[in-house]
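Good morning, and thank you for coming.

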Amino acid sequence: MGVNQSISDKKGLRSSVGSRLALLRRERLGFLALLLLALLLGFDPPIRSSQEIFPFYSWSMYSTVPNIEVFYSVTLISTSDLNIGPDSDLRESGIKGTETALCSHIVQQLGRAIATRNTGNIKKWRHQLERLYLPEGTLYQVISEKQTPMQRWKKESGEAVVLAMWRRAP
Amino acid sequence: MNFRDFRRWGWRFFAGAPWPTTTASPSEVQHQVATNQLMVRAFYFFIGFLAIISVKGWPRTLQQINLIPLWPTSWISFVPTTYGILAIHCLYLGSCVLTMIFPGSRLLRFITFLGIFQWISLDNSLGKISHSMHLVVFVAFIFIFLPQEWDHRALMRQVRVRLAQTIWAAQALILLTYTMAGISKIVASLHQVAHGEVSYFHPLGLPWVIAGRLALTGSDSFLGAWFIERPWLCWPMMLGAIYLEFFSFWILFRPKLYAWWALGLILFHLASYFTMTILFSQSTFLLALFFTCAAARSQPFNLRELVVALPLFGPVLRRLWCAKSN
């Protein structure tokens with residue numbers, strides 16, 4: 001009886017240690033799987049452009065140096081706001097939020113959508129631009145310019161093309 | 001090659017040293033456990049603090065009806081938008097504040113992860129995804145799996161190991177993001193070189209990136225123009241940044257370099273802000289917490305040991321030193 005008890009205790013101890021080790025190993029494998037998942041889902045080869053999968057990072061952020069690129073901008077032709085002069089660039093108009101990365105992202109997406117004639121995206125980004133930044137009744141143009149970043153930064157003019165002229169939808 | 005051999009080979013590859021055979025003394029173990037517990041607590045204090053300062057933005061976000069919801073917040077289209085936004089804010093604030101006080105509860109940690117995830121999804125639902133809070137979401141997710149009783153004074157060996165393992169996973173994920181960003185820059189630069197374009201390997205690479213960013217946003221930075229006009233100063237800085245990013249994952253296996261590498265990456269983030277107005281302040285906090293805190297030991301500063309531990313250059317410098325001393 002005593003011997004059997006001792007053997008069963010030892011077996012119990014062994015199985016409890018074994019199960020603890022198995023838990024540790026399972027957890028370790030789980031963490032490794034998470035790392036692998038983050039690596040694979042976040043990996044967006046910089047030589048092609050695709051949408052990132054939230055909340056996985058797009059590792060290709062700022063991986064390429066912009067060379068000669070098409071930049072899109074918005075020029076305000078006329079607005080109901082008397083403080084904004086005619087033909088002023090949206091970013092320099094003084095409208096709140098237009099100097100942010102979000103605003104420039106929306107303008108670039110809208111420009112790309114017009115250039116590729118993607119009507120769904122045109123509607124989406126136009127709506128977002130008008131609702132977030134443009135006063136009622138604003139008449140504006142979306143312009144594309146082919147330039148190097150240095151030309152753009154020095155405000156030198158490039159090959160400009162007017163892609164669209166719209167009035168803010170009521 | 002069996003699994004054990006593979007593990008040892010992997011260790012040697014990343015750590016640049018053989019598999020450790022010495023065991024830590026009881027006082028070292030105790031110190032490590034206390035440090036790990038401190039890191040978890042400080043992380044939850046930090047996200048509680050972030051949630052509290054976010055209340056200033058409530059009036060602005062509650063009026064926000066132009067949402068392009070990301071998939072985690074797509075349910076918001078089926079309820080009145082203002083109520084949906086308010087529910088997310090309350091979940092985020094309530095769970096983060098409670099977890100500051102009761103980080104031992106796994107249920108609370110899970111709800112906190114949900115709260116942060118929902119809030120960040122909402123914050124990025126205007127059309128552009130900002131990445132400054134992504135690492136916080138991942139660490140909050142990993143910390144759901146902290147062992148029960150991790151915050152007790154005396155821990156069983158298994159709990160200690162699981163706690164260390166969880167911290168290790170958080171550190172690994174943080175460093176992995178930098179390594180992948182470094183790999184992307186190298187791959188993209190090789191592609192651009194092959195096409196005869198200016199890349200990060202070119203002295204004009206960084207000035208063009210700074211100019212492109214400033215021109216795109218129409219913003220002005222504190223040092224942007226100064227750096228754009230000095231490409232020969234930018235070049236070594238950019239190569240250094242790529243080195244720091246690429247080899248970040250290696251550092252996970254080289255604790256001697258933790259604090260210095262974290263400092264390098266924090267300086268990299270500061271330089272990004274001063275030149276391009278891009279600030280990842282949350283990431284700098286996580287770097288400081290998980291790497292300078294983990295490295296806080298009473299070891300004397302030894303420059304030679306640090307230099308020799310550097311990836312890529314370390315072995316070369318070690319040989320040079322050996323050759324010189326012989």
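Reading chain A from its N terminus, the elements follow the order α-β-β-α-α-β-α-β. That gives 4 helices and 4 strands for chain A; helices (H or I, at least four residues) and strands (E, at least two) are DSSP runs, numbered from the N terminus. The model is a predicted one, in which local features need pLDDT of at least 70 and side-chain atom pairs count only at pLDDT 80 or more, while totals for chains, interfaces and linings use all residues. Residues are numbered from 1 along each chain as its sequence is written, and chains are lettered from A and ligands numbered from 1 in the order in which they are written.

Of the 170 residues in chain A, 28% are buried. A residue is buried if 20 or more other C-beta atoms lie within 10 Å of its own, exposed if 12 or fewer, and partly exposed in between, with C-beta atoms placed from the backbone.

Let us turn to the contact between the chains. It takes 44 residues from chain A and 48 residues from chain B; two residues are in contact if their C-beta atoms, placed from the backbone, lie within 7 Å. Which helix gives the most to the side of chain A that touches chain B? It is α1(A), with 10 residues. That side of chain A divides into 25 nonpolar, 9 polar and 10 charged residues. Here Ala, Val, Leu, Ile, Met, Phe, Trp, Tyr, Cys and Pro count as nonpolar, Asp, Glu, Lys and Arg as charged, and the others, Gly among them, as polar.

Next, the nonpolar cores. A nonpolar core is a set of buried Ala, Val, Leu, Ile, Met, Phe, Trp, Tyr and Cys residues joined through C-beta atoms within 7 Å. The largest has 59 residues, and Ile116(B), Val139(B) and Phe290(B) have the most contacts inside it. Its largest share, 12 residues, comes from α7(B). A second, separate core of 37 residues includes Phe71(A), Tyr72(A), Tyr133(A) and Val209(B).

Leaving aside neighbours within four places in sequence, Val139(B) is in contact with Phe43(B), Ala170(B) and Leu286(B).

Finally, please find Met180(B), which sits in helix α7 (residues 157-194) of chain B. Why does Met180(B) count as buried? It does so because 24 other C-beta atoms lie within 10 Å. Between the C-alpha atoms of Met180(B) and Trp232(B), 52 residues apart along the chain, the separation is 26 Å.
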